[in-house]
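These are my notebook entries on one structure. I recorded what I looked up, entry by entry.

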Amino acid sequence: MFSKDALEYTQLPLPHRQDLDDAEMLRRAEEYRDFMATRHTVRDYSTRPVAQDVIEACIAAAGTAPSGANHQPWHFVAIKDPAAKKQIRDAAEEEERKFYAGGASDEWIKALEPIGTNDHKPHLEDAPWLIVVFAQRYGTFDDGTRYKNYYVPESVGIATGMLLTALHTAGLTTLTHTPNPMKFLGELLDRPDSEKATMIIAVGHAAQDATIPSVAKIKKPLSEIMTVR
Ligand code: IYR
C-alpha cells in the first residue's frame, strides 16, 4: 500500500464541504439518532441472500474511517461460501463450549445471563455473510520492510462502527460476535501473522421469529453519557 518515497506532506483544498443551516443540522442529527435507535443486535437470521455489491459498498464506507497516521490498519474478510461458514461455526462453537463450560469467570457468565447467549451459534451458518474484522499490528512497505501502526484498536474500532452503521443504513441486520479465543480465524482464513482477528460480524436479515433480549432496549440516558462544560 505505502511506498516509502510517497510519504511527504502536500496539501489539497478541502474536497467536500457541508454548509447546513442550524435548523437543518438539528433535523438531520435527530433523524440519524432516531434511525440508529432502530438498530438491534440480532442472533437469529433468515437465509435470505444479500448481494455482494451491498457488502462491498459497506466495507468501502468503513475504509474511509480515520486512522492513526492514516495507516488504515484493518482488513475485512467477507465470507459467503457455506462450507467456509460451517468451518467457522464448528471452530467457534468448539471454543465457546469451553468458554461456557468453565473457561469464563463466574462473573462473566453472570453478566451474560440477561443477554441469553450460549455455545450454540447457528447465525454463523444461517446469515448469508460473515465479515471477519482483522487488525494489522504492523504493515509492510512495497519493498518488504515493516512499519509500525499506531492506535490500532481505536482505528479498527472506528472503522468497525462505521461498518455497522453502513450495514444498518443498507437495511441489514448484524451481530457482533467475539468467539473467545479467536486465533482460529486467522488460520482458517489464511491471514498473515501481522493480523489479529477482532470480531466476526454476522450480516443478513433477521429471522421472522427473531427476538432481542429486553435488556438491550435499556440504553443509558444522555445525562449519564454526556457532560457539558
Ligand atoms: N463469546 C461468547 C460470549 C460473549 C461475550 C460477550 I462480552 C458478549 O457481549 C456476548 C457473548 C459468545 O459469543 O457467546
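**Entry 1: the ligand and its shell**

For the side chain of His177, the corresponding distance to an oxygen of the ligand is 3.3 Å. The ligand taken alone exposes 380 Å², and the protein buries 73% of that (Shrake-Rupley method, 1.4 Å probe).

I recorded that this is a predicted model, in which local features need pLDDT of at least 70 and side-chain atom pairs count only at pLDDT 80 or more, while totals for chains, interfaces and linings use all residues. Residues are numbered from 1 along each chain as its sequence is written, and side-chain values use heavy atoms, with hydrogens and water left out.

I then listed the residues around the ligand, among them Glu96, Phe99, Trp108 and Leu112 (one heavy atom within 4 Å). Helix H3 (82-103) and helix H4 (106-112) each supply at least two residues of this shell, and H3 gives the most, with three. Helices are DSSP runs of H or I with at least four residues, strands are runs of E with at least two, and both are numbered from the N terminus.

**Entry 2: Arg191**

Which residues does Arg191 touch, not counting those up to four places away in sequence? I found His75, Val77, Phe134 and Gly186 (heavy atoms within 4.5 Å). The side chains of Arg191 and His75 make a polar contact at 3.5 Å. Arg191 and Val77 are 114 residues apart in sequence, yet their C-alpha atoms are 9.3 Å apart in space. Arg191 lies in the loop between helix H7 (183-188) and strand E6 (195-204).

**Entry 3: backbone angles**

Most residues other than glycine have a negative phi, and most peptide bonds are trans. Asn70 has a positive phi, near 55 degrees, and Tyr151 has one near 50 degrees. Tyr151 counts as exposed because its relative accessibility is 60% (buried is under 20%, exposed over 50%, partly exposed in between; 1.4 Å probe, protein chains only). Asn70, at 45%, is therefore partly exposed. Finally, I noted that the peptide bond from Asn180 to Pro181 is cis, with omega near -5 degrees.

Conventions: A polar contact is a pair of N or O atoms within 3.5 Å; within protein, one must be able to donate a hydrogen and the other to accept it, and residues adjacent in sequence count only if both atoms are side-chain atoms.
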